[in-house]
Amino acid sequence: MRILLSLVGAAIFLLPLPRVRAQDVIAGADVSFLRQMEGNGVAFKDAGVARPGLRILKDHGYTWVRLRVMVNPISLPNDLAYAIASAKDAKALGFKVLLDFHYSDDWADPQHQSTPRAWAALSHKKLVKATYAYTRDTIKAFRNAAVMPEMVQVGNEVTVGMMWPDGRLPGEWPNFADLLLAGIHGVDAGKGKAARPAIMIHIDKGGNQAATKWFLDNLAKYHVPYDVVGQSYYPWWQGSLDELKANLAFTWDTYHKDVVVVETAYDWRTGENFKGKPAPFPETPDGQRDFLAALDQAVREAPGGKVRGIFWWEPMAGGPIAKRALFDDEHNALPAIHVFDLAPRAGASGARK
């Protein structure tokens, strides 16, 4: 990729040259920890100046935020009230919102898809009803707060199903499909007269075409309606950029659904990700920037303009995953924050009428 050297004050940054195509793409970030961190006194800095984290993202070309919501979270802040407050912060700056239903009281991912404690003893039929009612009431609460999301994830990294054991895959496809449908119908019931958010199904098979095909073929078999395929893409788990590009093209060509790389990240300091394998980019601040620039280019080159964009997970994270953030340990913005500065970004709405 061509690079432009730009002098900003005393600091030197490598910035991507403008690349134009017919449809602008989403620049997104999962900011589900941000409100908590700033509430605890963390000050994020851009070029050494402390500024609100959302303002920094906005000024560097980000157009969407992703917010998770959990039923009754155990150790995380992401309950309904927190998610709505975060959405208000984002909407006030003009961001569009992707709401990520975890359908759990804790992390929902390929290793953990725990049924919410309050629902754990329910029969399948009652669990379906609870999923519908919870989704409906959550979307209604967002609508009443005037922060309707433009896009909704019904579950998080659901290649293994959700709400185990009832909806665990591969053995419980009929139950899992019922739960997905309950969530999707709950979105429709909660939106009232508002525009319908786009429905995303989020899986974790970025460069794995065979696994993507298996999952999406089954969705078709069970007549699950959705608008967008969300893919996680962490290169130490989910293949090379070339494999990702091939899978994105395959997904569009085969299923004619928009695609979003809804989770991605790269370490800015050396970790244990590649475990003896060569890393495709150095695990340094510059290497992190170059990874994001290359991924952005891959998305822009996708066929038909139907790969709609990227969400970074999570730019402001602390603790064990701080090495994947877009800010260093002193909360200063790293070079990757500049990748979207010169590229035209989407206002592209996810709403469906």
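**Entry 1: Ala 27 and its strand**

I began at Ala 27, which I found in strand S3, residues 26-30. I kept in mind from the outset that this is a predicted model. Is Ala 27 buried or exposed? I looked up its relative accessible area, which comes to 0%, so Ala 27 counts as buried, the cut-off being under 20%. I then checked Ala 27 against His 60: the two sit 33 residues apart in sequence, and their C-alpha atoms are 9.6 Å apart in space.

**Entry 2: the neighbours of S14**

As one example, I noted Ala 29 opposite Trp 312 in S14. S14 is also joined to strand S13, residues 258-264, again in parallel and by 4 bridges. There I wrote down Val 259, whose bridge partner in S14 is Val 307.

**Entry 3: helix H6**

I moved on to H6, which covers residues 209-221. Its 13 residues reach 18 Å from first C-alpha to last, close to the 18 Å expected at 1.5 Å a residue. Which residues of H6 are buried? My list reads Ala 211, Thr 212, Phe 215, Leu 216, Asn 218 and Leu 219. Viewed down the axis of H6, the buried residues fall within an arc of 155 degrees, so they line one face of the helix. A reminder to myself: an α-helix has 3.6 residues a turn, so residues three or four places apart point the same way. On the other side of H6, I found Ala 210 and Lys 221 exposed.

What do the buried residues of H6 pack against? I noted helix H5 (173-190), strand S11 (198-203), strand S12 (228-233) and helix H7 (241-255).

At its start, a side-chain oxygen of Asn 208 comes within 3.3 Å of the backbone nitrogen of Ala 210. After H6 comes His 223, with a positive phi near 55 degrees.

**Entry 4: the chain overall**

I finished with the totals. The chain holds 8 helices and 14 strands, and buried residues make up 58% of its 353 residues. Among contacts between residues at least 6 apart in sequence, 77% join residues at least 24 apart. The chain exposes about 13900 Å², and carbon and sulfur atoms supply 55% of that area.

Technical notes:
Residues numbered from 1 in each chain as written. Predicted model: local features only at pLDDT ≥ 70, side-chain atom pairs only at ≥ 80, totals over all residues. Heavy atoms only, no water. Helix = DSSP H or I, 4+ residues; strand = E, 2+ residues; numbered from the N terminus. Buried < 20%, exposed > 50% of the residue type's maximum accessible area, 1.4 Å probe, protein only. Pairing = 2+ DSSP bridges. Expected span 1.5 Å × (residues − 1). Arc of directions from axis to C-beta. Contact = heavy atoms within 4.5 Å. Polar contact = N/O pair within 3.5 Å; in protein donor to acceptor, adjacent residues only side chain to side chain. Areas by Shrake-Rupley, 256 points an atom, 1.4 Å probe, with all protein chains shown as cover.
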